[in-house]
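Try each task before you read its solution.

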Amino acid sequence: MPVTLSRLLKPINLPFSSLFRIFNTLSSPSIAITNVSSSSSPYRALQDYSLLHRQSRRFDSFSILSTIKSCAHLRNLQLLRHLHAHLLRLGFNSHLYVATCLLHAYSLVALHDARVLFDEMPHRNTVTWNTMITAYSKHGDVEKARLVFEKMPTRDLCSWSAMVAGYINGGECDRGLDLFREMVVNERPRPDKVILGSVLSACSRLGSLGLLVGRSIHGFMAKNRFELSLDLGMILVDMYAKHGFLKTACRVLDSMPEKNVSSWTALICGAAHHGYGKEALTIFELMQYTGVKPNEITFTGILSACSRAGLVEEGRKFFDKIEEYGLEPRIQHYGCMVDLFGKAGRLEEAYDIIKSMKLEPNVILWSSFLSACKVHKQFEMAERVTEQVLRTVKPENDGGVYTLICNLFVQNEKWDDAERVRKLMVNQNMRKARRSIFI
């Protein structure tokens, strides 16, 4: 049965001593609701709210705000609408802070309701506008977020941060950087760690322009003596490592007062991506020496480094270490090992890895294995798995795998089998799917 405020307004059976302690020994009844709503008992906070109502106790803004936060935690639209209607009867419709808190709660569950409330608000402050920008951005509608941003009478740093983060999180990093430059040049609010972190994360995803902007921001941070927090340090390490500036990334990591597995992993993955396999192994050993335990992503990075550098025995050793750290091998780890053995021409061992998997092999893994068979002309090995692959992959989506199988049959002069696969491709109206593979 759905939870509504009307249900919570029904009598509740609480010992008199509890009621006396909560409502008669406190200077303000809002303290009881605040204490409960800040804990893991939002339903209890709503019960206390309804009890206040039945006892005709006067509500203040603190008790109202705490109750709204409880509804936001529950993310129950029906309950939130009931509470909203009750607040209108109490005359809190024009209270700016209550309306803004209610707007935030609506934005989590119903963007349309949030917009209606926003339009009906007689008064708005900067927090109200920022809440609406963030709501649109989180729902993926950055254009409407920008419209709200442009209509703001005054903007603060949080407004700029929300809009820049909206662009970057929505994959429009160029527009995010353009807006950041506009902020710095025209508005001139002093950037803080939040907006710098958003912009630096965008720089990690862009090319030379991203590196140029990122280095400028790093210089700004150093000049203004920003404390290199764990989050900012990790983003800087990731940016420099992804662009191949491993020495700079190492210097940033060394200067960080606190390091965690994410910062070490960013450096390892950057080294792996640019072909510095042995350097990645050294970084992994340093991480272990400092007492930081690797996670699944760390092992993906280190196995990728071994694969790119052809370090077969080292890769086998690190693969065995995954379970030693209490982790379960994931599909990425198996894929790295298949790629590693495949590049080395050790197809039997690659096939043994596939057979030992607790997971179902995906199209990327099969593509890697079959490509290795083609390169090393191991046609018999490819034939072992062909039928299994054809049963696993989807013809309408995985055209590249079918083309690869057809080419293998042609190279092995198995013309009938090649024609069979080709007809299957035509009959299924299959399209070749270009895939971006990271192993």
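**Exercise 1: Two packed helices**

Helix 10 crosses helix 11 in a left-handed manner. This is a predicted model.

Task: Find how helix 10 and helix 11 are oriented to each other, and which residues meet.

Solution: 
- Step 1. Locate helix 10 at residues 142-151 and helix 11 at residues 157-169.
- Step 2. Take the packing angle, about 160 degrees, and the distance between the axes, 10 Å.
- Step 3. Angles over 145 degrees count as roughly antiparallel. Helix 10 and helix 11 are therefore roughly antiparallel.
- Step 4. List the contacts. From helix 10 come Val 142, Ala 145, Arg 146 and Phe 149. They meet Ser 159, Trp 160, Met 163, Gly 166 and Tyr 167 of helix 11.

**Exercise 2: The sides of a helix**

Task: Decide which residues of helix 14 are buried and which are exposed.

Solution: 
- Step 1. Helix 14 runs over residues 208-223, with 16 residues. Its first and last C-alpha lie 23 Å apart, close to the expected 22 Å.
- Step 2. Pick out the buried residues: Gly 210, Leu 211, Val 213, Gly 214, Ile 217 and Met 221. These lie on the same side of helix 14, because their arc around the axis is only 165 degrees.
- Step 3. Turn to the other side of helix 14. There Ser 208, Leu 212, Ala 222 and Lys 223 are exposed.
- Step 4. Look just past the end of helix 14. Arg 225 has a positive phi of about 55 degrees.

**Exercise 3: The whole protein**

Task: How many helices and strands does the protein have, and what share of its residues is buried?

Solution: 
- Step 1. Count 26 helices and 0 strands.
- Step 2. Of the 439 residues, 48% are buried.

Technical notes: Residues are numbered from 1 along each chain as its sequence is written. This is a predicted model: local features need pLDDT of at least 70, side-chain atom pairs count only at pLDDT 80 or more; totals for chains, interfaces and linings use all residues. Side-chain values use heavy atoms; hydrogens and water are left out. Helices (H or I, at least four residues) and strands (E, at least two) are DSSP runs, numbered from the N terminus. The expected span of a helix is 1.5 Å times one less than its number of residues. Buried means under 20% relative accessible area, exposed over 50%, partly exposed in between (1.4 Å probe, protein chains only). The arc is that of the directions from the helix axis to the C-beta atoms. Axes are lines fitted to C-alpha atoms, for helices over the stretch in contact, and angles run from 0 to 180 degrees between N-to-C directions. Angles under 35 degrees count as roughly parallel, over 145 as roughly antiparallel, 65 to 115 as roughly perpendicular and the rest as oblique. A crossing is left-handed if the near helix is turned anticlockwise from the far one by less than a right angle, and right-handed if clockwise. Contact means heavy atoms within 4.5 Å.
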